[in-house]
Amino acid sequence: MAEIELNRETIQFLIDRAREFHTRDDVSFDEEPDIDDDDWSQQVASFVSDPYYQEIKTKIEDLEPDQQVTLVALMWIGRGDFSMDELNDALKEAEDNWNPNTADYLIGTPMLSDYLAEAIDQLESQ
């Protein structure tokens, strides 16, 4: 398995909570956000009173910036923007685009749980 700077339990926690959050009837996003889209961040923040949103956001914001970067890179790999062989490129791109709204960017990605699960499957199959 390739080395990443984020433990498997943290990723699985986020997969589980994101799946629970995104499958609720009152949660829907029309499209996937851009990492630096402040308007999108405000839309996602409209769920501030939701306990799943709060749990996910707190967990992501408690991560070090390099761990948040890893999470974004894994999401992009699972989404198919990068292959696992391009992990370093994905990490560099995520680092270059990191901002304080990273948690909302990830939460606002409708298939976050599926993308992270796919990336983990790819990591484990290497």
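Biologist: How are α1 and α7 oriented to each other: roughly parallel or roughly antiparallel?

Modeller: Keep in mind that we're looking at a predicted model. The axes of α1 and α7 are 8 Å apart, and the helices pack at an angle of about 150°. An angle over 145 degrees counts as roughly antiparallel, so α1 and α7 are roughly antiparallel.

Biologist: And is that crossing left-handed or right-handed?

Modeller: Let's look at who takes part before we get to the hand. On the α1 side, the contact includes Ile11, Leu14 and Ala18, and on the α7 side it includes Leu116, Ala117 and Ile120. As for the hand, the crossing of α1 and α7 is left-handed.

Biologist: Now α4 and α7. How do they lie to each other: roughly parallel or roughly perpendicular?

Modeller: Their axes are 7 Å apart, and the helices pack at about 90°. Among the residues making the contact are Leu71, Leu74 and Met75 of α4, along with Tyr115, Leu116 and Ala119 of α7. Angles from 65 to 115 degrees go by one name, so α4 and α7 are roughly perpendicular.

Biologist: What about α4 and α5: which word describes how α4 lies to α5?

Modeller: Helix α4 (residues 65-79) and helix α5 (residues 87-97) have axes that come within 8 Å and cross at roughly 125°. That angle makes α4 oblique to α5.

Biologist: Which hand does that crossing have, left or right?

Modeller: First, the residues: the contact involves Val69, Val72 and Trp76 among others from α4, and α5 brings in residues including Leu87, Ala90 and Leu91. As α4 passes α5, the crossing is right-handed.

Biologist: Let's turn to the aromatic rings. What kind of pair do Phe21 and Tyr53 make?

Modeller: There are two aromatic pairs in the count, and this is one of them. The ring centres of Phe21 and Tyr53 are 6.4 Å apart and the planes are at 45°, so the pair is tilted.

Biologist: Which residue lies over the face of Phe13?

Modeller: This one involves a charge over a ring, so look at the ring centre. At 5.1 Å from the centre of the Phe13 ring, lying over its face, is Lys59.

Biologist: Is Ile60 buried or exposed?

Modeller: Ile60 is found in helix α3. Leaving aside neighbours within four places in sequence, Ile60 is in contact with residues including Leu14, Leu71 and Leu106. Its relative accessibility is 1%, so Ile60 counts as buried.

Biologist: And Asp85: buried or exposed?

Modeller: Asp85 is found in the loop between α4 and α5. Leu123 is 38 residues away in sequence, yet C-alpha to C-alpha the two are 9.9 Å apart. With a relative accessible area of 73%, Asp85 is exposed.

Biologist: Where does Met111 fall: buried, partly exposed or exposed?

Modeller: Met111 has its place in the loop between α6 (102-107) and α7. Arg79 is 32 residues off in sequence and 8.5 Å away in space, C-alpha to C-alpha. Met111 has a relative accessibility of 39%, so Met111 counts as partly exposed.

Biologist: Last one: how many helices does the protein chain have?

Modeller: Reading along the sequence gives the pattern α-α-α-α-α-α-α. There are zero strands, and the count of helices is seven.

Technical notes: Residues are numbered from 1 along each chain as its sequence is written. This is a predicted model: local features need pLDDT of at least 70, side-chain atom pairs count only at pLDDT 80 or more; totals for chains, interfaces and linings use all residues. Side-chain values use heavy atoms; hydrogens and water are left out. Rings of Phe, Tyr and Trp (its six-membered ring) pair if their centres lie within 6.5 Å; planes under 30 degrees apart count as stacked, over 60 as edge-to-face and the rest as tilted. A charge sits over a ring if NZ of Lys or CZ of Arg is within 6 Å of the ring centre and within 35 degrees of the ring normal. Axes are lines fitted to C-alpha atoms, for helices over the stretch in contact, and angles run from 0 to 180 degrees between N-to-C directions. Helices (H or I, at least four residues) and strands (E, at least two) are DSSP runs, numbered from the N terminus. Angles under 35 degrees count as roughly parallel, over 145 as roughly antiparallel, 65 to 115 as roughly perpendicular and the rest as oblique. A crossing is left-handed if the near helix is turned anticlockwise from the far one by less than a right angle, and right-handed if clockwise. Contact means heavy atoms within 4.5 Å. Buried means under 20% relative accessible area, exposed over 50%, partly exposed in between (1.4 Å probe, protein chains only).
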